[in-house]
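Reader: Could you walk me through this structure, taking the overall picture before the details?

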Amino acid sequence: MSGWKARRFWKAVTVEPEGEGFAVRLDGRAVRTPAKRPMALPTRAMAEAVAAEWAAVETGIDPRRMPVTRAANAAIDKVAVQFDEVAAMVAAYGQSDLLCYRATDPAGLVRAQAEAWDPMLDWAGRTYGARLVTTRGVVPVVQPAAAVAPLAAAVFACSPFQLTALHDLVALTGSLVLGLAATGEGFDPDDLWRLSRFDEDWQAAQWGEDEEAAEAAERKREDFLLAGRFWRLAGTPEA
């Protein structure tokens, strides 16, 4: 979408059922992806969100102001055409999940990490039967196949639109467990984001916050929340 230079030429933006999904039309013309594929959206909620972004365009098209459209394009043009590769990349985070790598010292941080992260690993165990093991330091730990397999199965069960969202949720946090938790209803997204930033926030509390780092983290937080929204918009086909 970075090559878009078109200016607004339409007056009406509508959402219409098409096939098993929904299409967004500009003066009756269906919106297409940058690769010229039909933008067939899985739910009316997502189509309405895309339509709202197109309706909000005043002059030139700015993809940065159209996050749902941008994610839908990625789902259709990139994820759907290489689904297995993307799913495998996301599932691989289960082998090196952020929550499994703990500090060696100081004792306060070691204790705080356990208090913050152990409940999430327990949740993964209850929800997916995935009992990941922890280690101290950065030396890789081999996770039991019986633990990573159900997590991988959850990834491969996604639709291309869901996988697009899950990819960002996991890549931004460094944790497949946190990413999967963000797709459910039982957690506050901001709480999950703070868990992913636990070490950085600990260091900032000890030594002070770096302004540039804080600004970068805030941008990532916004992207994380947008990915969570896209997951919810992906919903189910009949939504």
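Reader: What should I know about the model and the numbering?

Author: This is a predicted model, in which local features need pLDDT of at least 70 and side-chain atom pairs count only at pLDDT 80 or more, while totals for chains, interfaces and linings use all residues. Residues are numbered from 1 along each chain as its sequence is written, and side-chain values use heavy atoms, with hydrogens and water left out.

Reader: How many helices and strands are there in the protein?

Author: The protein has ten helices and five strands, where helices (H or I, at least four residues) and strands (E, at least two) are DSSP runs numbered from the N terminus. Along the principal axes, its C-alpha atoms fill a box of roughly 65 × 40 × 30 Å.

Reader: And what share of the residues count as buried?

Author: Of the 239 residues, 43% count as buried; buried means under 20% relative accessible area, exposed over 50%, and partly exposed in between, with a 1.4 Å probe and protein chains only.

Reader: Which residues have the most contacts inside the largest nonpolar core?

Author: They are Leu 41, Met 46, Met 120, Phe 161 and Leu 163, in a core of 73 residues. Helix H4 (residues 107–128) provides the largest share of this core, nine residues. A nonpolar core here is a set of buried Ala, Val, Leu, Ile, Met, Phe, Trp, Tyr and Cys residues joined through side-chain atoms within 4.5 Å.

Reader: What is Met 46 in contact with, leaving aside its neighbours within four places in sequence?

Author: With those neighbours left aside, Met 46 is in contact (heavy atoms within 4.5 Å) with Leu 41, Val 68, Phe 161, Phe 230, Leu 233 and Ala 234.

Reader: Changing topic, what volume does the largest pocket have?

Author: Its volume is about 500 Å³. On a 1 Å grid over the protein atoms alone, a pocket is an open set of points where a 1.4 Å probe fits, with protein on both sides within 12 Å along at least five of seven lines, and lining residues have an atom within 4 Å of a point. Grid points are joined across faces, edges and corners, and the volume is the space filled by probe spheres set on the points.

Reader: Which residues are closest to its centre?

Author: Of the 21 residues that line the largest pocket, Arg 70, Ala 71, Ala 74, Thr 164 and Asp 168 are the closest to its centre. The elements giving two or more residues to the lining are helix H2 (67–79), helix H6 (160–173) and H10, and H2 gives the most, with nine residues.

Reader: Is Thr 164 buried or exposed?

Author: Thr 164, which sits in helix H6, is buried, with a relative accessible area of 8%. Apart from neighbours within four places in sequence, Thr 164 is in contact with Ala 71, Ala 74, Ala 75, Val 79 and Phe 230.

Reader: How many aromatic pairs does the structure hold?

Author: The structure holds six aromatic pairs. In one of them, the rings of Trp 193 and Phe 224 have centres 5.5 Å apart and planes at 35 degrees, so the pair is tilted. Rings of Phe, Tyr and Trp (its six-membered ring) pair if their centres lie within 6.5 Å, and planes under 30 degrees apart count as stacked, over 60 as edge-to-face and the rest as tilted.

Reader: Where do Trp 193 and Phe 224 lie in the chain?

Author: Trp 193 is in helix H8 (residues 189–196) and Phe 224 in helix H10 (residues 211–234), 31 residues apart, and the pair links distant parts of the chain. Trp 193 is buried at a relative accessible area of 5%, and Phe 224 is buried at 1%.
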